[in-house]
Amino acid sequence: MYQRDPANLTTLNGVDVCVCVTGGIAAYKMCSVVSTLAQAGAVVHVAMTEEATRFVTPLTFEALAARAVHLSAWSSVDRSDPQHVRLAKACRVVLVAPCSMDMLSRLATGRADEIVSLIVAATDRTKTPVLLAPSMNETMWKQPATQRNLAQLMSDGFQIVAPVEGWQACRTVGDGRLPESDDLVDSIVTALNRA
Ligand SMILES: Cc1cc2nc3c(=O)[nH]c(=O)nc-3n(C[C@H](O)[C@H](O)[C@H](O)COP(=O)(O)O)c2cc1C
């Protein structure tokens with residue numbers, strides 16, 4: 001449940017939003033994000049990597065968004081194919097959260113071999129903001145490869161929703177925690193207002 005001023009959410013009414021979930025422990029927070037977006041009147045399209053489905057079931061997102069979840073480039077949930085192109089054109093903003101270390105690496109090198117990276121690849125970032133919210137253990141976050149990929153992605157025009165310091169599932173306190181769901185919703189609203 002969104003705990004801030006509900007007036008913040010008016011921008012979302014009737015807007016197509018794509019929420020892409022990858023395989024990170026913070027995937028559970030995306031249930032709240034999708035619920036808030038849906039309650040604000042957004043048309044929420046959820047896509048999940050195969051690994052993401054190990055953390056949260058597609059059924060949960062399907063119920064919260066009231067629409068089928070995109071799980072594969074090869075199984076169309078809508079009639080009009082190719083779905084990734086249609087989706088990328090329809091959505092006014094794309095959020096990848098949690099964005100795994102592996103997904104950062106794939107996006108930084110332009111891979112498009114599963115549904116999430118394919119949707120991102122089909123999104124014209126000059127028109128549609130693509131927000132990446134990385135989330136991982138502090139050691140993974142501080143890896144030179146992660147930082148190198150982030151620098152590349154920022155220079156390629158992706159917007160990074162920076163992780164915060166806090167409790168991590170590995171039972172340490174450190175940097176790399178996914179921001180809270182209200183912060184993620186606010187980052188979508190800010191991106192929409194700016195675009
Ligand atoms: C229990 C568990 C928790 C994980 N949590 C994270 C995480 O928080 N962040 C991350 O980048 N990777 C995490 N991983 C590793 C990713 O799931 C793995 O790199 C996977 O290949 C990512 O796939 P995807 O990017 O296609 O979703 C975790 C793995 C396991 C087994």
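Which helix gives the most to the shell around the ligand? In this predicted model, the answer is helix α4, residues 101–108, which contributes 3 residues to that shell. Good morning, colleagues. I shall begin with the ligand, continue with the strands, and then turn to the packing of the helices.

The ligand is surrounded by 15 residues. The closest of them are T22, G23, G24, T49 and S100.

Let us now consider the strands. An open sheet is formed by 5 strands, and their order is β2-β1-β3-β4-β5, with parallel pairing. At the edges stand β2, residues 43–48, and β5, residues 159–160, each of which pairs on one side only.

We come now to the helices. Two packed helices are described by the angle between their axes and the distance between the axes.

The opening pair is helix α1, residues 29–39, with helix α2, residues 58–65. Their axes lie 8 Å apart, and the packing angle is about 20 degrees. Angles under 35 degrees count as roughly parallel, and α1 and α2 are therefore described as roughly parallel to each other. The crossing of α1 past α2 is right-handed. On the α1 side the residues involved are C31, V34, S35 and A38, and they meet T60, F61, L64 and A65 of α2. This contact comprises 6 nonpolar and 2 polar residues, with no charged ones.

Helix α1 also packs with helix α8, residues 181–194, at an angle of about 50 degrees and with the axes 9 Å apart. The two helices are therefore oblique to each other. Here too the crossing is described as right-handed. From α1 the contact takes K29, S32, V33, T36 and L37, and from α8 it takes S181, L184 and V185. By class, the contact of α1 with α8 holds 4 nonpolar, 3 polar and 1 charged residues.

Finally, let us return to α4, the helix with which I opened. Its partner in this case is helix α7, residues 144–155; the two axes come within 9 Å and cross at roughly 45 degrees. That angle makes α4 oblique to α7. What is the hand of the crossing of α4 and α7, left or right? It is left-handed. The α4 residues in the contact are M101, L104, S105, L107 and A108, while α7 supplies A145, T146, N149, L150, Q152 and L153. These residues divide into 7 nonpolar and 4 polar, and no charged residue takes part.

Thank you for your attention.

Notes:
Residues are numbered from 1 along each chain as its sequence is written. This is a predicted model: local features need pLDDT of at least 70, side-chain atom pairs count only at pLDDT 80 or more; totals for chains, interfaces and linings use all residues. A residue is near a molecule or strand if its C-beta atom, placed from the backbone, lies within 6 Å of it. Helices (H or I, at least four residues) and strands (E, at least two) are DSSP runs, numbered from the N terminus. Two strands pair if DSSP finds at least two bridges between them. Axes are lines fitted to C-alpha atoms, for helices over the stretch in contact, and angles run from 0 to 180 degrees between N-to-C directions. Angles under 35 degrees count as roughly parallel, over 145 as roughly antiparallel, 65 to 115 as roughly perpendicular and the rest as oblique. A crossing is left-handed if the near helix is turned anticlockwise from the far one by less than a right angle, and right-handed if clockwise. Two residues are in contact if their C-beta atoms, placed from the backbone, lie within 7 Å. Ala, Val, Leu, Ile, Met, Phe, Trp, Tyr, Cys and Pro count as nonpolar, Asp, Glu, Lys and Arg as charged, and the others, Gly among them, as polar.
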